[in-house]
Amino acid sequence: GAHGTAVAGLLVGRADQGFPGMLPRARLFAAAPFFAQESGGEIADTSGLVKSLDWLVQQGVKVIGLSLAGPDNAVLQAAVKSVVERGVVVVAAAGNQGPNAPAAYPAAFDAVIGVTAINSSRQVYRRANQGAHVDYALPGVNVWTMDANAGGKLRSGTSFAVPHMLALASQTLAEGRARA
């Protein structure tokens with residue numbers, strides 16, 4: 001969908017459309033834990049998320065980004081903990097329910113790097129969830145990214161900060177392997 005295209009566009013871009021992304025030569029694996037609801041919206045459930053995490057690990061992915069947020073869930077927590085214990089870095093969006101909203105998951109799990117969005121003046125996104133579980137604040141307000149219709153547009157939200165952390169973590173891991 002449009003959300004996934006925008007997040008992926010920030011990370012890997014599309015050179016043929018003049019949009020290089022932060023890691024244009026990276027290999028991107030996109031899991032699809034979402035399904036359509038009768039109302040027409042899309043939702044991810046625990047089963048879809050756990051299956052997606054497992055598939056990504058099976059592909060050898062070393063950095064996983066989750067541009068989604070929801071309630072606490074013991075099954076998802078156990079799955080994320082298992083992934084992290086296998087040496088995979090997991091990054092998740094803090095959520096966009098506002099500064100007084102409760103912590104959102106998976107960003108609030110201890111094993112996850114929780115990220116929020118900031119604007120060009122380094123101010124936290126006005127709709128971002130806040131709290132001690134937020135580890136990094138990265139660009140995610142009015143960022144230009146790809147659109148599903150082969151164009152681009154400005155987007156805001158903690159989801160759009162996730163690719164910035166993925167790029168940083170991926171580059172750090174790549175540099176570590178290069179020195180070894």
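From the N terminus on, the elements of the chain follow the order α-β-β-α-β-α-β-β-β-β-β-α, which amounts to four helices and eight strands, where helices (H or I, at least four residues) and strands (E, at least two) are DSSP runs numbered from the N terminus. The model is predicted, so that local features need pLDDT of at least 70 and side-chain atom pairs count only at pLDDT 80 or more, while totals for chains, interfaces and linings use all residues. Residues are numbered from 1 along each chain as its sequence is written, and side-chain values use heavy atoms, with hydrogens and water left out.

**Overall form**
- The C-alpha atoms of the chain fill a box of roughly 45 × 40 × 35 Å, taken along the principal axes.
- Of the 180 residues, 39% count as buried, meaning under 20% relative accessible area, against over 50% for exposed and in between for partly exposed (1.4 Å probe, protein chains only).
- Among contacts (heavy atoms within 4.5 Å) between residues at least 6 apart in sequence, 58% join residues at least 24 apart.

**Surroundings of Ala69**
- Ala69 is found in the loop between β3 (63-66) and α3 (74-85), and with a relative accessibility of 44% this residue counts as partly exposed.
- Leaving aside residues up to four places away in sequence, Ala69 touches Ala93, Ala94, Gly95, Ala104 and Tyr105.
- The C-alpha atoms of Ala69 and Asn96 are separated by 8.2 Å, although the two residues are 27 residues apart along the chain.
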